[in-house]
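Here are a few notes to go with your first look at this one. Have the model open and go through the points in order.

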Amino acid sequence: MAGNKTIKSAIESMMFVWGEPLSVKAVADIFNVDKKEIYDCFKELQTEYEQEGRGIVIREVNKSFQYVTRKENLDYIERLCTPVRRKRLSQSALETLAIVAYKQPVTKGEIEAIRGIRCDRVMEGLMKKELVAEVGRADSVGRPILYGTTDEFLKQFGFETLKDLPAIEDIEGALAGDDEDAASIDGVLGQLSLEDIG
């Protein structure tokens, strides 16, 4: 059986080659060991990278891990790379995405009831960007499709889990701007609009 040092070394190599978030389960299957042991190895590596202040850090996304650059180095990276055009989400897309994030699982009808307008095209765009996906069907009449956010949503906006979203009591009131939670939702939407979603 491989030792802790060997597993951590292999995890580093696999994360580097894999590129996408590497799941704890996939690594546990490779080593044929308990998922908790692998999760602990990932967390140890994450701590080591953080303590040493490396330019590459390890980010967790729903029990998966990947290499990302340290955010403090963004300015240097931007200077190095050829500027690319950033695609930003529209205000309607941001509002729809916020509703899905806070109300999920949610139907299009429920989203439209909150926003007061149809959301077919906006939802198509969010699904194309893989920020939103179908997660099942409601038990109500017609069994409408239920939607929820994806791991790509978490990854793009820097959340480990949905628990990292700021607490908002009333998403409808916040979006309408007539609730004390409006400041919180504005902060979330502001953060989302600053991210590169292209």
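Predicted model: local features only at pLDDT ≥ 70, side-chain atom pairs only at ≥ 80, totals over all residues.

Which residues are buried in helix α6 (residues 108-115)? Point 2 has the reply, after a quick word on the overall picture.

1. Residues are numbered from 1 along each chain as its sequence is written, and side-chain values use heavy atoms, with hydrogens and water left out. The protein has ten helices and five strands (DSSP runs numbered from the N terminus: H or I of at least four residues for helices, E of at least two for strands). Of its 198 residues, 36% count as buried, meaning under 20% relative accessible area, with exposed being over 50% and partly exposed in between (1.4 Å probe, protein chains only).

2. Back to α6. Ile111, Glu112 and Arg115 are the buried ones here. Looking down the axis of α6, you'll find its buried residues within an arc of 95°, so they line one face of the helix (the arc is that of the directions from the helix axis to the C-beta atoms). They pack against α5 (91-103) and α7 (120-128); contact means heavy atoms within 4.5 Å. Just past the end of α6, Gly116 has a positive phi of about 85°.

3. The sheet. Three strands form an open sheet in the order β1-β3-β2, paired antiparallel (two strands pair if DSSP finds at least two bridges between them). β1 (22-23) and β2 (56-60) are at the edges with a single partner strand each, so one side of each has no neighbour in the sheet. Two bridges link β1 to β3 (residues 64-69) in the antiparallel sense, and Leu22 has Phe65 of β3 as its bridge partner.

4. The helix on that sheet. α1 (residues 4-18) packs on it and touches β1, β2 and β3, its direction making about 70° with that of β3. Axes here are lines fitted to C-alpha atoms, for helices over the stretch in contact, and angles run from 0 to 180 degrees between N-to-C directions.

5. A loop to check. Between β4 (132-137) and β5 (145-149) you'll come across Asp139. Asp139 is exposed, at a relative accessible area of 73%. Its side chain makes a polar contact of 3.5 Å with that of Arg143 (a pair of N or O atoms within 3.5 Å; within protein, one must be able to donate a hydrogen and the other to accept it, and residues adjacent in sequence count only if both atoms are side-chain atoms).
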